[in-house]
Amino acid sequence: MSLLLALLLVPVGCMLVAAVLPSPRAILALCVAGAVAVAGIAAVLIPSALEAPVFAIGRQLMLDALSAYNLAIVMFVFLFSSVYALRYFGPAARDGSFGRGKARRFGASWFGFLASMILVLVSNNVGLLWVAMETTTLASALLVCLEFDQPSVRASWTYLMICSVGIALALLGTFLLCGEARNVTTGSESPFLWTDLSHVASRMRPGGVKLAFLFLLVGYGTKAGLAPMHTWLPDAHSQAPTPVSAVLSGVLLNCALYSISRFLPVVEGATGGDGWAFRLLVPFGLVSIVVAAAFIAHEHDLKRLLAYCSVEHIGIIALGLGLGGTTAALFHTLNHSISKMVAFFCVGNLARDHGTRDTRAIGGLLKTSRLAGAGLLVAIFALVGMPPSSVFMSELWIARDGIAGGHLPAVVAFLLGVGVIFIVLLRPILGMAWAPAIAGRATVRARALDWPLIVLPLVLLGVLGLWMPEGLQDALTRAAAVLGGAP
Amino acid sequence: MSLNADLLLLLVIGIDLFIGSTGRLGARIRACALQGLVLAALPLAIQGTGVLTGGERVLHTVLAVLATLLLKAVAIPYFLMRAMRQSGVQREAEPEHSLHLSLLLCAVLVGLSFWISAVMLPPPEAGSSPLGVPAGLATLLVGLYLTVGGRTELTQVIGYLVLENGVFVIGQRVLGEFPLVVELGVLLDVLVAVMLMAVLVAFGHRQDPSAAGNGAATPVGGAR
Amino acid sequence: MVDGLVHVALLILMPLPMLGLINRVKSIAAGRKGPPILQPVYDVVKLLQKGAVYSRTTTWLFVAGPIVALASSLLAALIVPLASTTSPFGFPADVFVFAYLLGVGRFFTMTAALDTGSAFEGMGASREAAYAALAEPALFLALMIVCIPAHSASFSDAFASIPAAGGLLRHPGLLLATLSLGVVLLAEASRIPVDDPNTHLELTMIHEVMVLDHGGPDFAFIQIGYALKFFVLGAVLVHLVLPIPASGWMAPVLFVAGQAGVAITVGIIESFMARLRLTRVPQFLIGACVVAAVGVLVLFTGGRP
């Protein structure tokens, strides 16, 4: 059995086991163990995949440089979130409010979610990619409504409805694209495989391919949270349990964006490489940044703030791809995932300590919950692009590549948008940090497990901001080579 | 055998119009089931009886037809019906537009899809039904209208299903046949999505019958 | 010549017994024996022997109503080919004249109703006008489906082209035209589910309430005109569904069988359907328009001609 298949089957196996395990604590432990196991397999696979694509089951599954890079991010965030889930649900599991049914539901959907995300990344078949993408929606919708109370059910409903409809449009786009490809494939070439699609791309009719890509962009763009299709995102990300929010924001959006970006070289091949598909991403990216800025300014719910911040960063990544900074956009994907994950961990701890997520009702952050407060502050600083965080570096790269490509107006709009978000996002956070503590709230000591969860990624962000390791640079270049870039 | 396909596709359009013109959710769900049935029969009509003597393809087609039949015509309507009974909402309460207008709007959408496929898309290949793309597009647009304009959650779910059906009709037209794993995967995903939606709808109404469907903002707070 | 005689004979002999046939079917479906099939003929004969009473408030319009209604229906029946693909009075573009003859008859029936000055009949006339306004586009669209492939707006050419196109089952547009024309037939002839010819509750009546004040020969004229209208619309339907040959003994046989089929179908519909709520009727008719419009669209997408 190939390792690539194992990468898929291990989470599926964990899912089945989690559905029958008797104790909530055992399920939480399984979450960590399973994540470690899958991450181990991925760690073995990724270096070889960066060299040359790895195939399995005929050519249905494929891990190439781009998917390997994304897989690394997924596994990193997922591993940390699994540990955080242990930390997050642990007390509730002890006092019984995280019961057996809920734990089984969580464990099964957690691994189902992981399996479907991995399938998105390793699928070489565009149809299978769609199936996997819809499965991530289903699994994560189950996670969003884990609490099964009114707001979470409402959020889960909105999420499921909007994303399902959006993704149905992506299915149409997939069919249209494969229909075009079917007309030009010969012999053993399949119109459904990435590897063959990129070969036959230059023979396809540009008109049909453009139409198909529009549907794909709108469809998967809904899932990626690109404005104006982002309306489900704040509700779903804020109502989900915090470990789930971290994965939703940190990597699920990336997976959707990955699906879009995979189609870029195919469309470019069919339209003669004039950058039509890349240019299409620019307005979506800019609108996402502007919309996020507008909503962040009026938001008081911490998790919703972070959710809108995700809309912004997905917009930045799309913009980076569109402006020709493919490498920078991929680097930004990594930086956003790490910083957003830490931010959610801190918010989760704060919300538990203070019993609320309202920024106006929390004060004296640095005094009452020192680690989570400081962690949140640093993470937000990173998210708004303060040097020396690596987010600053990747945003700088995107701006530089944009200017080099002659897209000055777009870059100016981008910098303005990011500047506005700098102000409106820091305002409530700084307020929380330096406002006097609300009377009667005791100082909460962090647990031992919190330290590595929060400090380690933040250190990583700082290091990446100052020094780019040789290996990462190499991986970025290889992954970007799969996509090509806007001319 | 393209004639039967023509008639089936006309039936698909007719069902769209019917769904747009009735306010009773039960009738809409039943119409949806009928559309699933038509969709299941469509590959047979397009490929003709020759498909039953085609060796290896037989298993593929039969499996796809059976799966569509079982899921779209039986299982999904069953779950929707149950959700309808549990939520206690039998009809579209104060529809966005009067039903006359809704019917006319659906008719306009049908006309639009005929226009789009005549003007903007390449002509159909010889031997395939000329109605494939317009019928699929019409179904897709009507589904989109129902999801966006529907007042009750169940209408939105039905709209999603109709939209999905439209995508399938177009897909069948441009692709001929789907790889089995894709077709089954898509069907399974739709089934699970509808089951989940049905559970959420039923729960939403059990909790708070009045608040359902008005999309009120979720309150700030909670220790999550 | 023979064809012409057959045509006239059919339109004299068939319309009233067709109504009788509908009633018979309904009776049988309800488990009764029912009146004889010729009962409507007896009724009309009885009415013709009676005298008429005219209210002092009425004018010549009231008298003209039934006469014009009968005359226009008769003319329409002469235009539409019956047991052949030609008709005695057929001419190019007779389709439009046919449609508007039906309109003229309706207009005068309505003015006669308004002429009585009774609010009740005014209500009936208003309903009739509203429904007719919705049924007429459906009629035109359905006729368009038949006429466009024939490149001619005359019934003879249009009907002659149908067998060439392969008939109903080879021609999806024709199927839609038939459906929509069927609805128009039910609406124009005031049958269930649009109107109930047997209702005793005046508030729900449409056609009957309009002709409430006519008596004796006037009412007989209205009855005959009404039967004729049903008959001609039925004839158009029969031509859409059955391949009536241009001549020969098969033609009348097929035609009579087809008309009987129409009557039986209507009878069955009436037995098993309830009248629609008044507010739902427009939707039913709009539905017919939409169906016919889709049929026209199908023609233009290069569906089989």
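What radius of gyration would a compact globule of 305 residues have, and what is the value for chain C? In this predicted model, chain C has a radius of gyration of 19 Å, which agrees with the value near 19 Å for a compact globule, because the chain holds 305 residues. Along the principal axes, the C-alpha atoms of chain C fill a box of roughly 60 × 45 × 40 Å. The secondary structure of chain C consists of 12 helices and zero strands, and the order of elements from the N terminus accordingly reads α-α-α-α-α-α-α-α-α-α-α-α. Among the contacts in chain C with a separation of 6 or more, 79% join residues 24 or more positions apart.

We can turn next to how the chains meet. Two pairs of chains touch, and the pair with the most contacts is that of chains A and B. Chains A and C, by contrast, do not touch, and their nearest C-alpha atoms are 20 Å apart. Where chains A and B meet, 41 residues of chain A are in contact with 34 residues of chain B. On the chain A side, the elements that give two or more residues are helices H5 (126–144), H6 (150–182), H9 (233–239) and H13 (326–354) of chain A. H6(A) gives the most to this side, with 19 residues. By class, the chain A side has 22 nonpolar, 11 polar and eight charged residues.

Chain A itself is assigned three domains: domain 1 (1–124), domain 2 (152–271) and domain 3 (275–487). The C-alpha centres of domain 1 and domain 3 of chain A lie 25 Å apart. The contact between these two domains takes 13 residues from domain 1 of chain A and 18 residues from domain 3 of chain A. On the domain 1 side, helix H3 (residues 65–95) of chain A gives the most, with 11 residues. The residues on that side of domain 1 divide into 10 nonpolar, one polar and two charged.

The mean pLDDT of chain B is 82, and 81% of its residues reach 70 or more.

Notes:
Residues numbered from 1 in each chain as written. Chains lettered and ligands numbered in written order. Predicted model: local features only at pLDDT ≥ 70, side-chain atom pairs only at ≥ 80, totals over all residues. Contact = placed C-beta atoms within 7 Å. Helix = DSSP H or I, 4+ residues; strand = E, 2+ residues; numbered from the N terminus. Nonpolar A, V, L, I, M, F, W, Y, C, P; charged D, E, K, R; others polar. pLDDT = per-residue confidence, 0-100. Rg over C-alpha atoms; globule rule 2.2 N^0.38 Å. Domains from an automatic or database assignment.
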